[in-house]
Amino acid sequence: MNLDGETNLKLKHALNVTSFYSSAESLKEFRAVIKCEDPNEHLYSFIGTLYFDCQQYSLSPQQILLRDSKLKNTEYIFGVVIFTGHDTKVMQNATDPPSKRTKIERRMDRIIYVLFSTLILVSFIGSLFFGIETNNDLSGGNYTRWYLRPDKTTVFFDPRRPAVAAFLHCLTGLMLYGYLIPISLYVSIEICKVLQSIFINQDQAMYDEEMDRPAHARTSNLNEELGQVHTILSDKTGTLTCNSMEFVKCSIAGTLYGRGMTEVEIALARKRGEQLTEQAPIDASESKKSIKGFNFRDERIMDGKWVSEPQSDVIQKFFRVLATCHTAVPEVMGPDEIMYEAESPDEAAFVIAAREVGFEFFARNQTSIKLRELDPTSGIRVDRVYELLHVLEFSSARKRMSVIVKNPENQLLLLAKGADSVIFERLSKEGRAYEERTKEHIEKYSEAGLRTMAVAYRELDNDEYKTWEQEFLKAKTSVSADRDVLMDELACQIERDLILLGATAVEDKLQKGVPGCIDKLARAGIGIWVLTGDKRGTAINIGYACSLLRHGMKQIVITLELPEILAQEKEGDKEAIAEASLNSIKLQILKAKSQVTEESSTEFGLIIDGKSLTYAMDKNLVNSFMDLAMRCATVICCRSSPKQKAVITRLVKSVTGRTTLAIGDGANDVGMLQEADIGVGISGVEGMQAVMASDFAIAQFRFLERLLLVHGHWCYRRISMMICYFFYKNITFGFTLFWFEAYTSFSGQPAYNDWYMSCYNVFFTSLPVIALGVFDQDVSARLCLKHPLLYQEGVRNILFNWPRILGWMFNGLLSSIIIYFLTTNSITGPAFRKDGQVADYSVLGVTMYTCVVWTVNCQMALSINYFTWIQHLFIWGSIAFWYIFLVVYGSIPPTLSTTAYKVLVEACAPSILYWLTTLLVVIAALLPLLSYRAFQIRFRPMEHDRIQIQRRRPESTEYDATQRRLSESSEARTSSELPSEVRIRIDNLKASSKRKN
Amino acid sequence: MSLCPHMQQRLFSHQCVQACQSLPACKPVLTPGWVVEIVDRYDIDCVPESSRMDKVSYIRDDSIPKNCSRFMKVHKYMKAPIYIYYQLDNYYQNHRRYVKSRSDKQLLDGQKYHDTSSCQPVESNNNRPIVPCGLIAWSLFNDTFEFIREGAELKVNRKNIAWKSDRGHKFGKNVYPFNFQNGTLIGGGKLNPEIPLSDQEDLIVWMRTSALPSFRKLYGRIEEDLDVDDVVVVNLTNNYNTYSFGGKKKLVLSTSSWLGGKNDFLGHACVFVGCSSLTLAIIFMLLHVKYRRPYGDTSYLPWNRKSFSG
């Protein structure tokens with residue numbers, strides 16, 4: 001269920017008219033009618049009207065508590081239930097969680113079909129021959145095999161009706177060869193996956209100490225899919241970046257404030273090759289107690305010094321806007337400590353910044369906001385109360401928010417903050433004094449990867465406000481579908497003629513280890529797409545900062561911000577714009593494609609914005625666009641909406657047909673997470689909604705590296721090996737039954753005692769497979785990370801392609817032939833013991849079964865790469881258990897144990913031939929795989945073989961020399977390819993050691 | 001292990017030449033090749049020429065005596081015990097209908113156990129369960145063999161030819177085949193109703209169903225050595241019908257070694273597996289020499305190859 005799981009505080013309050021009904025007594029007299037919309041799934045809108053005292057009051061989401069809300073800062077409320085059960089918004093939002101199955105499982109289904117066809121075929125062949133044999137029992141009116149009494153027979157063996165007998169035999173055959181279809185495989189796989197998930201959950205290297213959060217596999221059935229990821233689609237905010245906003249810079253009245261450099265700036269500077277000289281001031285200010293969300297260093301403003309700045313009144317207004325224009329709620333923790341609960345971390349950063357500068361917001365109620373601020377004239381801190389009249393809320397469409405307040409001087413003020421583009425077009429003529437320079441600064445900020453916001457205000461005329469308010473209230477109370485539109489229009493009316501104050505810059509910090517992780521993933525051959533709502537510039541800069549875009553990579557930018565399109569947009573003919581845009585995108589894609597084909601040696605990064613994307617997703621264009629995107633190492637989609645994210649994910653999935661992984665942390669990523677083959681949620685600050693919709697939850701982006709390269713690789717390997725082996729062992733077993741049946745004139749007689757057969761999949765072969773599925777690892781975790789290319793085994797599906805599967809099946813068939821024919825020829829016929837006894841049905845059954853158990857378990861020992869005492873215990877234990885079983889079962893009275901009675905103790909064990917046959921058969925049956933493996937490791941080694949060989953190789957001088965030479969050359973190569981990333985890391989290390997000192 | 005008398009003689013003759021090498025020695029002979037086996041197929045030859053056209057009616061005609069004499073020449077010295085087997089070919093003792101048609105409980109408890117439904121279609125006669133019931137018992141092999149060497153009868157030990165566990169725990173000591181083969185259609189051999197089942201070793205051997213359609217079953221043991229060029233006359237009664245389904249009947253005399261009877265297959269298989277391993281080893285060696293590559297050379301790793309990209 002898609003809960004709006006964001007755990008941040010949401011401001012809800014009653015209507016003013018009903019707010020005084022605060023006791024059960026007073027509610028007795030309360031009579032009102034609510035008219036509202038039909039149940040729907042929009043969480044953030046509600047249209048309704050309360051009829052009370054012959055008056056209409058509009059109801060908004062502000063008055064609505066969603067199902068599952070928790071009260072905070074208040075003990076209790078009185079309320080009216082509007083919708084219940086499935087009518088609630090939350091339940092209306094519930095979409096069925098997508099059922100995800102892995103590619104391996106889907107292929108496994110197809111293998112089962114193949115096996116099922118084999119089963120039917122084998123049964124049919126058996127029936128055919130059985131029919132012929134049965135028919136021959138009656139030749140020329142005489143019964144041939146008189147010892148079967150064909151004259152007094154049942155329908156199953158009736159030579160007079162061989163067709164019926166053959167048909168019924170077919171059913172017997174289906175039962176008998178049912179072992180070809182490993183039903184226990186599903187159970188074993190489930191067990192393995194659950195245990196694998198436990199390993200993922202318990203992995204210390206994926207445990208985040210700060211947050212006290214381990215990785216969490218929320219579903220256990222996608223483990224092996226982690227090893228096959230072809231494309232990663234990542235959200236930016238909160239995923240690549242921390243989503244802990246820090247107020248770092250601002251531009252007030254055209255003056256830049258705030259020193260210090262952001263990580264992005266450092267990276268950019270490296271890119272340009274500039275030497276950094278400003279390291280010292282940051283370190284100096286580091287000594288001061290750091291405040292979360294605030295990283296602003298400027299002695300001109302801090303500690304009340306802004307008063308002496310030339311434009312101090314603008315500075316005052318600027319911070320007043322930051323301190324009042326928000327929806328945050330203060331929480332007084334102590335005498336000097338105030339925490340803020342805000343809907344977005346940006347907002348919290350603003351309020352904190354205002355507090356640090358000296359405009360402390362400390363109390364809020366429904367109608368007022370209280371600030372404690374410095375009076376520039378007297379120099380003392382005074383409390384000022386701003387009467388809050390209206391809040392025009394932020395929405396992604398409006399891209400701005402504003403409040404209308406009345407200050408203690410009885411001035412009516414409209415305070416606004418919002419995206420620069422929106423604010424700039426609403427400035428009055430006289431308010432544009434700092435426009436040019438602020439624009440410049442905003443450009444600079446966004447280049448540095450900062451999130452910018454313009455701040456403006458307006459003094460309102462009393463009359464104008466009065467008339468506006470009336471209309472606004474009317475719109476607010478209206479119950480109609482276009483109420484929102486109406487209110488937006490009215491908000492537009494008042495939000496004009498603004499006076500620009502300046503702009504803020506908030507840093508969205510990169511998460512720890514992101515560049516290194518992305519670099520590793522890229523080297524593992526995984527394509528990475530970043531889908532973000534940010535501006536192009538910000539996105540590109542973040543791309544550089546986290547080494548998504550690297551030095552020497554060519555950028556391809558597809559955009560609609562071209563002069564000719566912009567010109568057409570001004571004309572306003574929508575159809576013409578659409579057509580022109582489509583053509584333009586088409587041209588750009590084709591051009592880029594030819595460029596990519598020409599310069600095939602260079603890496604490309606594709607950057608496309610959301611608007612262009614809508615055209616690129618056009619039916620005719622989508623294929624060539626995806627083709628282009630697939631050839632680029634990195635794709636960045638900026639300005640994309642949540643829905644676009646999901647659509648892109650679906651497209652990538654369907655066009656490439658490969659495994660996609662989506663990673664994100666916010667509610668806007670839910671669609672993407674559900675759409676992708678694997679959704680990885682980051683349990684960060686943006687609430688738990690993404691985690692709820694995800695398949696795996698990790699605390700930090702950098703854990704993705706280990707999740708994919710180590711756990712994914714292992715799980716993929718384990719499960720695919722396990723399935724192949726399972727088919728192998730069941731085919732080996734099933735076909736020995738078939739060969740034997742062929743020698744019983746296809747009468748359906750099994751080669752083994754019933755209990756041997758029932759125990760095959762349960763006791764003698766199951767545990768080693770499960771051990772393989774849980775513990776096997778081709779190379780250690782350290783080497784997995786060291787050789788990211790190993791991951792390509794999973795992406796290319798080398799371990800589970802059809803040749804390999806069929807190879808294992810063929811191996812099973814071969815084993816069964818070797819086992820059956822070697823056993824029967826060695827042991828039956830002449831005496832098999834010194835005392836002249838001959839091997840009968842029960843002895844042959846035991847010998848064959850012994851050979852099967854040995855062969856199958858030794859094959860396992862040959863195929864696994866990782867021997868611990870558990871593997872030894874399970875493999876040799878299973879074989880030993882077979883003998884124990886025989887002894888125990890054989891000592892039960894013969895009416896129960898039938899053919900197994902004392903068969904090992906009395907008949908087989910004293911026979912040397914029995915043991916020799918076992919040895920010979922096992923060696924002969926292992927020979928094909930052994931020689932194939934030897935050949936393959938020696939001449940066609942796979943990645944893991946190479947790494948294993950390399951690791952096992954003993955030290956030698958010659959080897960050392962080559963190794964050194966190689967490592968030198970590879971180092972040289974790496975440093976030329978990834979200079980910025982490596983150097984940043986080195987510098988970071990240096991810096992941190994300096995700090996420690 | 002066996003020390004062949006032939007070898008002893010040779011050693012003896014060399015004694016005077018190399019005294020030091022003639023010390024008492026025991027040469028272990030690890031091959032089952034020393035097992036001597038005589039196989040004689042008699043199912044066609046024991047039918048008179050006149051009846052060869054219709055062997056089935058010959059074998060079914062109870063009025064004709066079925067005696068027959070065979071001559072077996074011993075080519076190699078055979079040391080006692082010499083095992084006597086009868087071998088049947090193309091006889092499906094492992095047919096599902098046949099295998100199932102028995103009652104282990106009845107074999108152990110006799111008439112006390114009434115439910116003989118598993119013995120279909122030979123379960124009862126005159127509303128009384130047949131003891132022992134079932135197709136297997138009903139089709140009991142009933143050819144008999146007598147061995148004469150140089151006019152004197154060779155003693156055949158027919159005790160202890162069945163598994164001890166079968167005698168002790170599967171076939172009852174107080175179960176007597178009082179109404180066996182009394183029905184309208186008589187299949188194979190009859191049993192002496194005076195002897196309990198646990199002592200009817202022919203039946204016990206027969207009831208251990210064979211694994212494959214071609215099988216041998218132990219008939220008895222000759223506990224005297226047979227010398228080279230001895231001629232053994234076998235007086236047999238050819239009662240059992242294998243003609244209707246084209247099965248063969250053979251009489252086998254065989255000694256045994258530590259590996260059991262004469263079976264060349266295991267040896268051949270060992271040689272074959274060994275040879276193929278050797279061949280593979282040589283092929284690998286040649287390939288290794290031809291495509292020499294230092295073990296663990298990292299330059300072959302794909303990420304160290306120049307052509308690698310992405």
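**View 1. B:Asn125, a buried residue in strand β4 of chain B**. B:Asn125 has a relative accessible area of 18%, so it falls in the buried class (under 20% relative accessible area; exposed is over 50%, partly exposed in between, with a 1.4 Å probe and protein chains only). The strand covers residues 124-125 (helices, H or I, of at least four residues and strands, E, of at least two are DSSP runs, numbered from the N terminus). Skip the neighbours within four places in sequence, and B:Asn125 is in contact with B:Ile130, B:Asn182 and B:Gly183 (heavy atoms within 4.5 Å).

A quick note on the model: it's predicted, so local features need pLDDT of at least 70 and side-chain atom pairs count only at pLDDT 80 or more, while totals for chains, interfaces and linings use all residues. Residues are numbered from 1 along each chain as its sequence is written, chains are lettered from A and ligands numbered from 1 in the order in which they are written, and side-chain values use heavy atoms, with hydrogens and water left out.

**View 2. The salt bridge between B:Arg208 and A:Asp840**. Here the closest N and O atoms are 3.1 Å apart (the rule wants a side-chain nitrogen of Lys or Arg within 4 Å of a carboxyl oxygen of Asp or Glu). The rule finds one salt bridge across the interface of chain B and chain A.

**View 3. The side of chain B that touches chain A**. Elements that each supply at least two residues include β3 (82-89), β9 (215-222) and α8 (264-290) of chain B. The largest share, 11 residues, comes from α8(B). Zoom out and the contact takes 77 residues from chain B and 78 residues from chain A.

**View 4. Two cis peptide bonds in chain B**. One joins B:Ala80 and B:Pro81, with omega about -5°; B:Pro81 sits in the loop between β2 (67-73) and β3 of chain B. The other runs from B:Gln120 to B:Pro121, with omega near 0°, and B:Pro121 is in the loop between α4 and β4 of chain B.

**View 5. Positive phi at A:Ser745 and A:Asn797**. A:Ser745 isn't a glycine, yet its phi is about 50°. You'll find A:Ser745 in the loop between α23 (703-742) and α24 (754-764) of chain A, buried at 1% relative accessibility. A:Asn797, also not a glycine, has a phi of about 55°. Its loop lies between α27 (792-795) and α28 (802-827) of chain A, and A:Asn797 counts as buried at 14% relative accessibility.
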